[in-house]
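Work through the exercises below with the sequence and the coordinates at hand. Each task is followed by a stepwise solution.

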Amino acid sequence: MIGLSNPIARTTEWTARVPIGRAMPSKIASVVLLVLSLPLWIVAATVVWASVGRPLFFRQIRSGLGTRPFVICKFRTMHERRDADGALLPDALRETSATRLMRATRIDELPQLLSIARGDMAFIGPRPLLPATVAEFGELGRIRCTVRPGLSGWAQVNGNTRLTNSEKLALDLWYVRNRSLWLDLQILILTVLVALFGERVDRRHVDHAMKAMPAGTVRS
């Protein structure tokens, strides 16, 4: 777990740099993309129905801006198969080849365009986490939630599932501190490259983010 040794202390230098006037363009763009992507929604829904059955969507409560809870929605990509003790099987055993491809290309995330249209999410930002996970991060979790969560983020284009939780949080906090339109454009381009060629750890960015963690941080 990662947290601050003094959870009450708040560092002003780690508040988010929030560019003004970005929410409305994101909402408009998400509505346009929703309309344009409707044929892909039909294909994705058909794949889910044929591969893992109903329901077609996975819904879960996540923490948004200011830790405010909201419901995230994705196309469901896993069966609910369990072992003899009733525990869910590992993710890899509950996917199909078709739904694994959906996850790799981020097609399962399409329903989150609705969250962007509602203002709960942005195109770029730290991925929305479970409220319990944000609470475990303590003050760092609060800082992480000073920007809207995104479809893709700095951690996702620098290794994502190949990173430790500490590294992901460090990258998210680095993004919060250095957020800009130019950085968002870089992440957008890198997201496309990750979808095409797979995840790759950029150790230079990870190490830089880890070194930039705020004073008093405890890593484990």
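Helices and strands here are DSSP runs, numbered from the N terminus: a helix is a run of H or I of at least four residues, and a strand is a run of E of at least two. The model is predicted.

**Exercise 1. Two backbone features**

Task: Find which element pair flanks the loop that holds T67, and state what sets its phi apart.

Solution: 
- Step 1. T67 belongs to the loop between β2 and β3.
- Step 2. Its phi is near 65°, a positive value in a residue other than glycine.

Task: Locate the cis peptide bond and place its proline.

Solution: 
- Step 1. The bond joining R54 and P55 is cis, with omega about 0°.
- Step 2. P55 sits in the loop between α2 and β2.

**Exercise 2. The pair α2 and α4**

Task: Describe the packing of α2 with α4, from axes to residues.

Solution: 
- Step 1. Helix α2 covers residues 38–51 and helix α4 residues 97–104; their axes are 9 Å apart, at an angle of about 145°.
- Step 2. The crossing of the two is left-handed.
- Step 3. On the α2 side the contact uses A44, V47, V48 and S51, and on the α4 side A98, T99 and M102.
- Step 4. Sorted by class, the contact of α2 with α4 holds 5 nonpolar residues, 2 polar ones and no charged ones.

**Exercise 3. Two partners of α8**

Task: Classify the orientation of α8 relative to α10, then relative to α9.

Solution: 
- Step 1. Helix α8 (residues 165–178) and helix α10 (residues 203–211) have axes that come within 8 Å and cross at roughly 80°.
- Step 2. Angles of 65 to 115 degrees count as roughly perpendicular, and α8 is therefore roughly perpendicular to α10.
- Step 3. S166, E167, A170, L171 and W174 of α8 touch R203, H205, V206, H208, A209 and M210 of α10.
- Step 4. This contact of α8 with α10 comprises 6 nonpolar, 3 polar and 2 charged residues.
- Step 5. For α8 and helix α9 (residues 181–197), the axes cross at roughly 140° and come within 9 Å.
- Step 6. The helices α8 and α9 are therefore oblique to each other.
- Step 7. W174, Y175 and N178 of α8 meet L183, D184 and I187 of α9.
- Step 8. The contact of α8 with α9 has 4 nonpolar residues, 1 polar and 1 charged.

**Exercise 4. The largest pocket**

Task: State the volume of the largest pocket and work out which element gives the most to its lining.

Solution: 
- Step 1. The volume of the largest pocket is about 1300 Å³.
- Step 2. Its lining has 43 residues, and R62, K74, R103, T161 and K168 lie nearest the centre.
- Step 3. At least two lining residues come from each of β2 (57–63), β3 (69–75), α3 (91–94), α4, α6 (131–136) and α8.
- Step 4. The most comes from α8, with 5 residues.
- Step 5. By class, the lining of the largest pocket has 15 nonpolar, 10 polar and 18 charged residues.

Terms used. Residues are numbered from 1 along each chain as its sequence is written. This is a predicted model: local features need pLDDT of at least 70, side-chain atom pairs count only at pLDDT 80 or more; totals for chains, interfaces and linings use all residues. Side-chain values use heavy atoms; hydrogens and water are left out. Axes are lines fitted to C-alpha atoms, for helices over the stretch in contact, and angles run from 0 to 180 degrees between N-to-C directions. A crossing is left-handed if the near helix is turned anticlockwise from the far one by less than a right angle, and right-handed if clockwise. Contact means heavy atoms within 4.5 Å. Ala, Val, Leu, Ile, Met, Phe, Trp, Tyr, Cys and Pro count as nonpolar, Asp, Glu, Lys and Arg as charged, and the others, Gly among them, as polar. Angles under 35 degrees count as roughly parallel, over 145 as roughly antiparallel, 65 to 115 as roughly perpendicular and the rest as oblique. On a 1 Å grid over the protein atoms alone, a cavity is a set of points where a 1.4 Å probe fits but cannot get out, and a pocket is an open set with protein on both sides within 12 Å along at least five of seven lines; lining residues have an atom within 4 Å of a point. Grid points are joined across faces, edges and corners, and a volume is the space filled by probe spheres set on the points.
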